[in-house]
Amino acid sequence: MSVEIKQPHQLWSGDHYNEGIGRDDIFDKLREECGVFGVFGVPNAASLSYYGLHALQHRGEESAGICTVDTENGRKFSYHRGMGLVKEVFDERRIQELPGDRAIGHVRYSTAGESKLANAQPLIFRYRDGDLAVATNGNIVNAPEIRKELESQGSIFQTSSDTEVIAHLIARSNKDFETAAKEALQRLIGGFAFLLMTNDKLIVASDPNGLRPLVMGKLGDGYVFSSETCAFETIGAEYVRDVQPGELLYLDAEGIREDRYAEVERRATCAMEYIYFARPDSDINAINIHSARKRMGRQLAMEAFVDADIVTGVPDSSISAAIGYAEQTGIPYELGLIKNKYTGRTFIQPSQELRERGVKMKLSAVRKVVEGKRVVMIDDSIVRGTTSRRIVNMLREAGATEVHVRITSPPFKNPCYYGIDTPDRKELIASYRTLEEIREAINADSLYFLSEQGFVDSVGGNDGAHNRGMCLACFDNDYPTPVNEESDKSCSC
């Protein structure tokens, strides 16, 4: 009698634990796809980059990389990239192998089908003038067209990343590096923050609309750059200012020079940075994220008060707004939901029952807090609706008598083309269902989304600018640049 030997159940697919993280997740939250960090003129730049990237880990958990220039040793390039979290990719030995006082680093989420080391950044190239490293956060809308043009002219691409496009444009130019980089940036459409490093220069650039955040700081006699200010706190750097839309900074042995490659036609910082992506201790455009989210919660309370026993927020991005809602209404704020930070990627589950159990591995309702209570549940957004339904049902299973859902963003109806991994329009529940239909779908007793005007007023910003200098395209379909809805919006950084 033969006995079948079953192979042990593999808890994740692919070659590494975090492969594909952010895609096909039990929680259908939006994903920011990357974060960048740069150092110029500060000793032990790799160590600083390690701590900076660790602070930006929430912006990308699949791959990490650092490239350094050692100005005391012939301006030699050293780099290391790997799949996984920053602390998994780098250890003390790896950091010691990256000498220098200049560095650029990157953390990344992948998008559909592109979970591989070749796309991990910084991307490193050899070209006629030496070495070139490129790191970016965002998405180049017209990258497919430029790529086809370059391929027809003989360029051979090594990755499927948008970021490689700018390297080819620079390499094919017969101009000096600064001019070539400036002209290459002028060809790009989209939302992006670039760090480009050669053996003797660092170039920093923000897209003409400022869609993706990028900030500059000072550390000793040198400079640091980051997707968020929270990284400056980690390394003890002093915030100087935001890199402005269309701005180009050159850093070399002579110091720092300011230039522009494009004029600002319309300031349009991504609204979801304020609502969801950025860490609460970061500032964007001099606006503190925690304070802005508290104001969103207060505004929600004024727009859609409901009598209840407790207010709770879905960890982590909605905690600040839940506190604001509670303070405005006088309803006590409680930790009704707890997030387990140590589960990593959701396990591959063989059945729906076990899949639902996987939800509780990531998020748990506190029964003694919500049992017998009318609960106001604050969340940042509803994408497909599956996450909201699971959390509402989790609260009901824990004994909540009523669950009233309040969302700190307007209805998310349109896909993003600027570096956020979003579903197609047909998969966004707010694009094809009414408010009442969404309420029924998520099994809530009531549902309200923050109004667009309420959101804009809560964040604040430039009174004279359109939407106070924010992009609300995911809510109002008003994109600040031309977009092709038939294009593959997932090819990004």
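## The site around serine 317

Serine 317 is found in the loop between strand E18 and helix H10, in what is a predicted model. A UniProt record, from an unreviewed entry, places the feature "binding site" at Ser317, Asp379 and Asp380. These residues span 64 residues in sequence, yet no two of their C-alpha atoms are more than 7.8 Å apart, so they gather at one spot.

Serine 317 has a relative accessible area of 10% and therefore counts as buried, the cut-off being under 20%. Apart from residues up to four places away in sequence, serine 317 touches Ile275, Tyr276, Arg293 and Asp380. With Asp380 there is also a polar contact, in which the two side chains are joined at 2.5 Å. Aspartate 380 itself lies in the loop between strand E21 and helix H13 (386-397), and with a relative accessible area of 1% aspartate 380 is likewise buried.

## Helix H10 and its surroundings

In helix H10, the buried residues are Ile319, Ser320, Ala321, Ala322, Gly324, Tyr325 and Ala326. The buried residues of this helix pack against helix H9, strand E18 (310-313), strand E21 and strand E22 (402-407). Just after H10 comes glycine 330, which takes a positive phi of about 85 degrees.

Cysteine 471 belongs to strand E25 (residues 470-471), and its 7% relative accessibility is why cysteine 471 counts as buried. Leaving aside neighbours within four places in sequence, cysteine 474 is in contact with Met272, Pro411, Phe412, Lys413 and Asn414.

In soluble globular proteins, nonpolar side chains tend to be buried together. Here the largest nonpolar core has 47 residues, and those with the most contacts inside it are Met272 and Phe455. The elements that give two or more residues to this core are helix H8 (271-277), helix H9 (289-303), helix H10 (319-329), strand E21 (374-379), helix H15 (452-459), strand E25 and helix H16. The largest share, 6 residues, comes from H8.

Phenylalanine 455 touches Ala271, Ile275, Met296, Thr408, Pro410, Leu450, Met470 and Leu472, when residues up to four places away in sequence are not counted. A second, separate core of 30 residues includes Phe125, Val134, Ile166 and Leu185.

## The loop holding glutamine 244

Glutamine 244 is placed in the loop between strand E12 (238-242) and strand E13 (247-252), where its 31% relative accessibility makes glutamine 244 partly exposed. The side chain of glutamine 244 reaches the backbone oxygen of aspartate 242 at 3.0 Å. Neighbours within four places in sequence aside, glutamine 244 is in contact with Ser206, Arg260 and Arg267. Glutamine 244 and valine 264, which are 20 residues apart in sequence, are 8.8 Å apart in space, C-alpha to C-alpha.

Methods. Residues are numbered from 1 along each chain as its sequence is written. This is a predicted model: local features need pLDDT of at least 70, side-chain atom pairs count only at pLDDT 80 or more; totals for chains, interfaces and linings use all residues. Side-chain values use heavy atoms; hydrogens and water are left out. Helices (H or I, at least four residues) and strands (E, at least two) are DSSP runs, numbered from the N terminus. Buried means under 20% relative accessible area, exposed over 50%, partly exposed in between (1.4 Å probe, protein chains only). Contact means heavy atoms within 4.5 Å. A nonpolar core is a set of buried Ala, Val, Leu, Ile, Met, Phe, Trp, Tyr and Cys residues joined through side-chain atoms within 4.5 Å. A polar contact is a pair of N or O atoms within 3.5 Å; within protein, one must be able to donate a hydrogen and the other to accept it, and residues adjacent in sequence count only if both atoms are side-chain atoms. UniProt positions are given in the numbering used here, feature names are shortened, and annotations may be inferred rather than shown by experiment.
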